[in-house]
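Let's take a friendly walk through this model, looking at a residue in a strand and then at some charged pairs. Please keep the structure open as you read.

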Amino acid sequence: MPPETSGQMVACWARIRARLRDEVGEVEYRTWLRQMTLHGIEGGEAVILLPTRFLRDWVNSHYGDRLRALWQAEDAAVRRVEIRVAAAAEPAMADGPAPAVRAEPAGLAESLAPRPMPPEIRAPEARSDWVAPLEPRFTFDTFVVGKPNEFAHACARRVAERPNSPGFNPLFMYGGVGLGKTHLMHAIAWAIREGDTARTVAYMSAEKFMYRFIAALRSQSTMEFKETLRSVDVLMIDDLQFLIGKDNTQEEFFHTFNALVDQGKQIVVSSDKPPSDLAGIEDRLRTRLGCGMVADLHATTYELRLSILQAKAAAAQVLVPPKVMELLATKITSNVRELEGALNRLVAHANLFGRPITVDSAHEVLHDVLRAHEKRVSIEEIQRKVAEHYNLRLTDMVSARRARNVARPRQVAMYLAKQLTQRSLPEIGRRFGNRDHTTVMHAVSRVSELIIQDAAFAEDVALLRKMLET
Ligand code: ADP
Ligand code: MG
């Protein structure tokens, strides 16, 4: 028997749905949330139904907390929200309360019936719909090869020239963010298409794959989905890690994968981790993924970053002094996308003001980017290092003691906190035993004076600074 549902509860539910719709927007709401129906409230638990396991898992992980908070705001007695897959026999709210309090018709029968999809998730009709647009910039020509990526690049070239070469199917490329995985995948796709326009290459992110799969489930067009996917010559799935924990989609991908490989079609996959580290991916799929060629993109080196900058500057036909490129290649180390972004900003700035790019202008324009890449020092670290250096306890840094041998090092620590962190004076004061910002100000000016007057003291402070900065 379904738990009881009162008119009041239904009104709450309608408000919650309306709130959610406002918060997430119409498209998202229609895609994921519209099919929710309220089953009822059982012992402090609101039970919500959805027609598929997939939707249930999705809504649970993405909106579960929000649903619970919204319920609690409506009715403090509701402490949990449970989302279930509705069995067809289970009556939902469809024929319960008066339509006046319902946000929209949301009966179970209606939920399960096929309905037109919003355009962006319409089930595939034409194959072209499947081929995600490729970025024109991402070709082999514009990819700069260096030690960290030469292996992945060679594998990508090989697959582009001869898809389904023995030992190269699937090609699994992995590496950190912004190291060129997507660039290489698009380059493969461009090259294959160029070589033979009749070949169909389907490139999509794992997220898109899932999205389309769910849309197909909802519109009861999974057969079409499968057929379309299985008719491509090359399937590329980017950022596979997105499928971690998404069992249904993995299952579907696994079958597609096998079907394609059996037909001699090429698969290319990218991920942020090697197959063996993809916890949350089914074992059999993980094994399959690792049985072709696994190629990693390593973190960039200084030389590669410099070459990339030179290539990009040349392509943009701008004159960037070597010193500026060196500065960027030294400071922006994590991700090529950021490196590119920095260069673009410099160029835009130079164009805008009609001034050449110089080291000074780079510092000025990229002040925030460069600073974000400087080593961050915390106030605790400063306090610890200073206390150690002067043979004090960490608690002396925040204590009220005013003895000179404690007060002076504390002032040094405040001074360093001002110099090495982004914290404001009041914030620094608070962290030093709730002192006033004027105390910090005094400490900063006192230490600055002493540095000028006392060489030994200055040396001490410089040493501490160096230890903290490196
Ligand atoms: P990922 O997919 O690994 O996160 P992308 O392929 O999107 O990274 O690369 C991020 C940006 O850096 C892109 O604009 C790409 O063109 C550029 N990029 C990365 N590696 C290289 C490289 N070796 N040569 C030229 N551009 C690169
Ligand atoms: Mg990418």
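This is a predicted model: local features need pLDDT of at least 70, side-chain atom pairs count only at pLDDT 80 or more; totals for chains, interfaces and linings use all residues.

Residues are numbered from 1 along each chain as its sequence is written, and side-chain values use heavy atoms, leaving out hydrogens and water.

Start at Ile 237 in strand β6, residues 234-238 (strands are DSSP E runs of at least two residues, helices H or I runs of at least four, both numbered from the N terminus). Ile 237 has a relative accessible area of 0% and is buried (under 20%; exposed is over 50%, partly exposed in between, with a 1.4 Å probe and protein chains only). Leaving aside residues up to four places away in sequence, its contacts include Met 185, Phe 209, Phe 253 and Val 268 (heavy atoms within 4.5 Å).

Now for the charges. Side chains of opposite charge can pair when their charged atoms come close. The model holds 24 salt bridges (a side-chain nitrogen of Lys or Arg within 4 Å of a carboxyl oxygen of Asp or Glu). One of them joins Arg 15 and Glu 74 at 2.9 Å, N to O. This pair links helix α1 to helix α3, 59 residues apart.

Another joins Glu 340 to Arg 137 at 3.3 Å, N to O. Glu 340 sits in helix α13 and Arg 137 in the loop between α4 and α5. Glu 340 counts as buried at 17% relative accessibility, whereas Arg 137 is partly exposed at 44%.

Notes. Chains are lettered from A and ligands numbered from 1 in the order in which they are written.
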